[in-house]
Amino acid sequence: MEGDVHPGADNGTGGLRVAIVGAGPSGFYSALTLLGHGAVARVDMFDRLPTPYGLVRFGVAPDHPKIKSVIKVYERGVEAAGDKFRFFGNVEVGRDVTMADLGSRYHAVVLTYGAQSDRRLGIPGEDLPGVYAAREFVAWYNGHPDFRDKEFNLSGRRAMVVGVGNVAIDVARMLLRSPAELAVTDVAPYAEEALVASGVEEVAVVARRGPLQTKATPVELREFSRMADADLVVTEEDLTLDPVSAAIVEAGEAPRQNLKNIEVMRELGLRAPRPGRKVVRLFFHRSPVELMGDGRLEAVRLRLNSLERTPEGWLKVKPTDDTEVVPCHALFRAIGYLVEPLEGVPFDSRHHRIPHAEGQVLSEPGGDPVPGLFVAGWAKRGPSGVIGTNKPDAVETVTTLLAAAAAGGLPEPVAPDVAELLRDRGVRPVSFDQWKRLDALEVTAGEGQGRPRVKFTAVSEMLAALSESAPSPA
Ligand code: NAP
């Protein structure tokens, strides 16, 4: 490892010192907004992995390199801040440092740790081998160290994805990408091998409501037109609006994006699939009610739904008596992520997020402000929105933080620099410079293969690469 990981203690300007917990998009937007403000002397960002960028690295699909280019903005921003910014990778809050440790060392702590879990279907058979969380699959193909040893049964002809948000679309696409398409991405090498060997020829994407309620965005749906080996298929019957949805369209109340989705699905999905190609089939108005199999998933019982409008205007699923059984050996639930509580931080377990007012953490929903504690991103608003949504979200939180500072409402730090504490505890943080070395090694490894990078997928490999002999991830 490099000599002194984090040289220099507090810079003694007397300005604000802020800790950010979580190095994903909301963490970086919070950091950049803070660093642009004269009152802020230092921003320290903590992440339990040695690598920054959170969901940009581990959530965005490998075949979406353009979306990942936002990393350049984050990198340039924090580098321009010089020693006002420090990255403490490989440091887990709750394990290596506690919230109390941070509370006594910073004027403010901003929680941007995102969502680490996911919703379950809550139906019989959900624990059968072959039933997976899309979140785990996404993390696996993106080389997240916690998921690299996970195994997915891709031997069957049909896989099913439940939910029709952008995560479901990513999973369906990645399951059917051709070897040549995968070969130019930064997909994890072990995942590429498994995907190339996969027997999956059909991905059934199953939505509980109708086509007008599709959560995925039109841009993502349209990508199915650019698959080398696969076509999108949906029946006219499935695209026919139920009476409630038809009335919404008739009344001009349907959001433009939803209408655009239908247009894209009609344009791409009603064509006959080209012979010999794999297919993504969209099914609407269906909910899995039972996952069946002898020791592993073999089939899914789907119940057909109609829709009814609640007095609040929400379109609710109304179960019918009709069911159908669809053979399938792998099912990915892509029905939403969940924020987990963090020890020492209030949590709204009804809405699965941290209670707050404009980013100021509250003791409970509607309760008192917790001085010095703030939240941004998914931990604040739940798992919704695209990467850019986190920018205004972070700006709101930082504005609240700075207003609290101006009003004298932040606690004074009393304990010495966190770097000392980590040293005393034998924790070896990875600095931003060290991450840049890992980054360079990954990019170099990718160059020979025509890929943007080849990722390190194990923390031990990353730490070894930072020591004397630095092997490349390839
Ligand atoms: P999402 O957009 O909230 O979609 C969740 C899907 O699951 C919806 O179709 C929802 O249907 C369905 N669902 C929820 N509970 C269900 C249940 N019990 N049974 C059956 N279906 C159920 O969530 P996501 O796809 O996980 O995405 C999370 C966020 O990341 C979104 O904001 C998304 O846009 C973003 N993202 C963006 C990109 C990109 O920009 N390329 C890529 C990935 C993710 P209902 O509508 O009926 O609730």
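Start with helix H17 (residues 432-447) and helix H18 (residues 459-466), which pack at an angle of about 100° with their axes 10 Å apart. Axes here are lines fitted to C-alpha atoms, for helices over the stretch in contact, and angles run from 0 to 180 degrees between N-to-C directions. H17 and H18 are therefore roughly perpendicular to each other (65 to 115 degrees). Helices are DSSP runs of H or I with at least four residues, strands are E runs of at least two, and both are numbered from the N terminus.

This is a predicted model: local features need pLDDT of at least 70, side-chain atom pairs count only at pLDDT 80 or more, and totals for chains, interfaces and linings use all residues. Residues are numbered from 1 along each chain as its sequence is written, and side-chain values use heavy atoms, with hydrogens and water left out.

Select Gln434, Arg437, Leu438 and Leu441 of H17 with Met462, Ala465 and Leu466 of H18: they make the contact (heavy atoms within 4.5 Å).

Next, the loop between H17 and H18; pick Val454 there. At 7% relative accessibility, Val454 counts as buried (under 20% relative accessible area, with exposed over 50% and partly exposed in between; 1.4 Å probe, protein chains only). The C-alpha atoms of Val454 and Thr185 are separated by 8.6 Å, though 269 residues apart along the chain.

Move to the six-stranded sheet. It is open, its pairing is parallel, and its order is S6-S14-S7-S8-S10-S9. Two strands pair if DSSP finds at least two bridges between them. Strand S6 (131-133) and S9 stand at the edges with a single partner strand each, so one side of each lacks a neighbour in the sheet. Direction ignored, neighbouring strands are turned by 20° against each other on average.

Zoom in on strand S7 (residues 158-162) and strand S14 (residues 330-333): they run parallel, joined by four bridges. Val161 stands opposite Phe332 in S14. Helix H6 (residues 134-141) packs on this sheet and touches S6 and S14; its direction makes about 70° with that of S6.

S9 and strand S10 (residues 278-283) pair in the parallel sense over four bridges. Ala230 stands opposite Lys278 in S10. Show the side chains of S9 (residues 230-233): Ala230 and Leu232 point one way, Asp231 and Val233 the other way, and all are buried.

Now select Phe224. Leaving out residues up to four places away in sequence, Phe224 touches Ile169, Ala172, Arg173, Ala230, Leu232, Leu268 and Val280.

Which residues touch the most other members of the largest nonpolar core? They are Phe46, Leu111, Phe137, Tyr141, Leu175, Phe224 and Phe332, in a core of 83 residues. Such a core is a set of buried Ala, Val, Leu, Ile, Met, Phe, Trp, Tyr and Cys residues joined through side-chain atoms within 4.5 Å. Helix H7 (residues 166-176) gives its largest share, seven residues. A second, separate core has 42 residues, including Val60, Phe87, Val110 and Leu401.

Last stop: the three-stranded sheet. It is open and antiparallel, in the order S11-S12-S13. The twist averages 25° from one strand to the next. S11 and strand S12 (residues 299-309) pair over six bridges, and Glu290 stands opposite Arg301 in S12. Helix H12 (residues 243-250) packs on the sheet, touching S12 and S13; its direction makes about 45° with that of S12.

Methods
Angles under 35 degrees count as roughly parallel, over 145 as roughly antiparallel, 65 to 115 as roughly perpendicular and the rest as oblique.
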